[in-house]
Amino acid sequence: MIDLRSDTLTRPTDAMREAMARAEVGDDVYGEDPTVAALEERVAGMFGHEAALFTPTGSMANVLAVASVVSPGEEVLCESSAHIARAELGAHGAITGLTMRTWTHERGQVDLPAIDRLYAPDMGPFFVRTAAVSVENTHNFAGGAVLPLDDLRALRAWADEKGTRIHLDGARLWNAHVATGTPLVDYGRIADVLAVCLSKGLGAPIGSLMVGSADAIAQARVRRKRMGGGMRQVGVLAAAGAYALDHHVERLADDHEHARLLGEALGLDPATVDTNIVVVDRPDAPAFVAAAAEEGVRIAAVGPRAVRVVTHLDVTRADADRAAAVLARLG
Ligand SMILES: *Cc1c(COP(=O)(O)O)cnc(C)c1O
């Protein structure tokens with residue numbers, strides 16, 4: 001089986017497991033796990049921010065990050081197929097008590113005029129107050145689309161002018177960085193707060209980080225504990241993440257090349273495949289997914305009419321070629 005359902009399906013490599021086994025650990029709730037502390041400091045530095053917080057999932061990192069800029073009863077603006085809106089099971093509403101309003105862009109992009117129309121920070125006692133704008137780079141359900149740095153900078157300039165905040169869901173920001181050569185710190189600069197995942201294409205078994213100011217992180221540390229996310233000797237997990245940052249970032253370029261092959265097999269112009277995710281419209285999505293599985297290729301339906309194919313660390317060039325041949329034949 002070649003499993004292209006998600007880049008979360010990677011298994012830790014032998015070398016990663018060795019790094020985990022060797023990790024120095026302590027009780028992280030007491031702030032005494034040196035491997036976690038080193039990872040948090042390293043990732044904060046990568047994005048030019050003061051501090052970071054290790055979390056079990058990207059969803060928790062996003063909930064904590066958005067809650068650091070949006071209070072209960074306020075709203076965050078985001079794209080309508082954003083992960084925070086569609087794929088976190090309502091956590092931001094259920095846990096933080098915020099609401100969302102959305103703009104829609106087929107490629108998940110920043111639509112500044114639309115955002116400006118939605119923005120309502122001070123409409124008196126009858127309207128929800130907009131507290132922040134959230135963007136997702138790369139954009140998962142828009143097929144791994146990259147948000148160009150110029151658009152993000154324009155959004156930053158607009159937010160500064162308005163005095164509002166920006167949350168960046170950077171679960172796959174590493175992929176955007178490798179695909180465009182944009183320094184991570186440039187992405188860090190456009191956001192007040194961001195979340196990144198180590199457990200997607202980077203191949204760690206678990207782990208994400210919220211990144212932001214020292215104050216925001218101190219507050220998030222309390223909220224994480226309240227949510228049941230205070231963890232103990234998790235240096236073994238942070239070590240997997242540190243290993244992934246050392247060894248699995250630059251190789252994301254291979255995943256992107258494999259995704260272009262698969263996109264072409266599915267009838268797309270490979271130039272429209274920005275990173276490691278291919279989403280195609282197929283009226284027969286469930287039947288197509290079942291037919292591919294019969295041929296040893298697992299892909300996912302992400303809606304009644306959409307299929308998603310994702311490349312990752314455990315998919316070799318030979319796997320990608322074989323899967324492309326199967327998908328093209330089923331075409
Ligand atoms: C995977 C993902 C997350 C976090 O997901 P978890 O499964 O909770 O780790 C957040 N945002 C995006 C865009 C994602 O793809």
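This is a predicted model: local features need pLDDT of at least 70, side-chain atom pairs count only at pLDDT 80 or more; totals for chains, interfaces and linings use all residues.
**The ligand shell and the cores**

Residues are numbered from 1 along each chain as its sequence is written, and side-chain values use heavy atoms, with hydrogens and water left out.

The ligand is surrounded by T57, G58, S59, N62, H83, E88, E136, N140, D169, A171, R172 and K200, where a residue counts if one of its heavy atoms lies within 4 Å of the ligand. By class, the shell holds one nonpolar, six polar and five charged residues. Here Ala, Val, Leu, Ile, Met, Phe, Trp, Tyr, Cys and Pro count as nonpolar, Asp, Glu, Lys and Arg as charged, and the others, Gly among them, as polar.

Polar contacts are pairs of N or O atoms within 3.5 Å; within protein, one must be able to donate a hydrogen and the other to accept it, and residues adjacent in sequence count only if both atoms are side-chain atoms. A polar backbone atom of G58 is 2.8 Å from an oxygen atom of the ligand. An N or O atom in the side chain of R172 also lies 2.8 Å from a ligand oxygen atom. For H83, a polar side-chain atom is 3.4 Å from a nitrogen atom of the ligand. Of the 380 Å² of accessible area that the ligand has on its own, the protein covers 84% (Shrake-Rupley method, 1.4 Å probe; for residues, only the protein chains shown count as cover).

R172 sits in the loop between β6 (165-170) and α8 (173-180). R172 is buried, with a relative accessible area of 3%; buried means under 20%, exposed over 50%, and partly exposed in between (1.4 Å probe, protein chains only). Beyond four places in sequence, R172 is in contact with D7, N137, T138, N140, K200, N276 and I277, contact meaning heavy atoms within 4.5 Å.

P56 is in the loop between β2 (51-55) and α3. Leaving aside neighbours within four places in sequence, P56 contacts I206, G207 and M231.

The largest nonpolar core has 53 residues, with F47, F54, V135, W174 and L198 making the most contacts inside it. Such a core is a set of buried Ala, Val, Leu, Ile, Met, Phe, Trp, Tyr and Cys residues joined through side-chain atoms within 4.5 Å. Another core, of 23 residues, lies apart from the largest one and includes I2, L266, V289 and V297.

Terms used: Helices (H or I, at least four residues) and strands (E, at least two) are DSSP runs, numbered from the N terminus.
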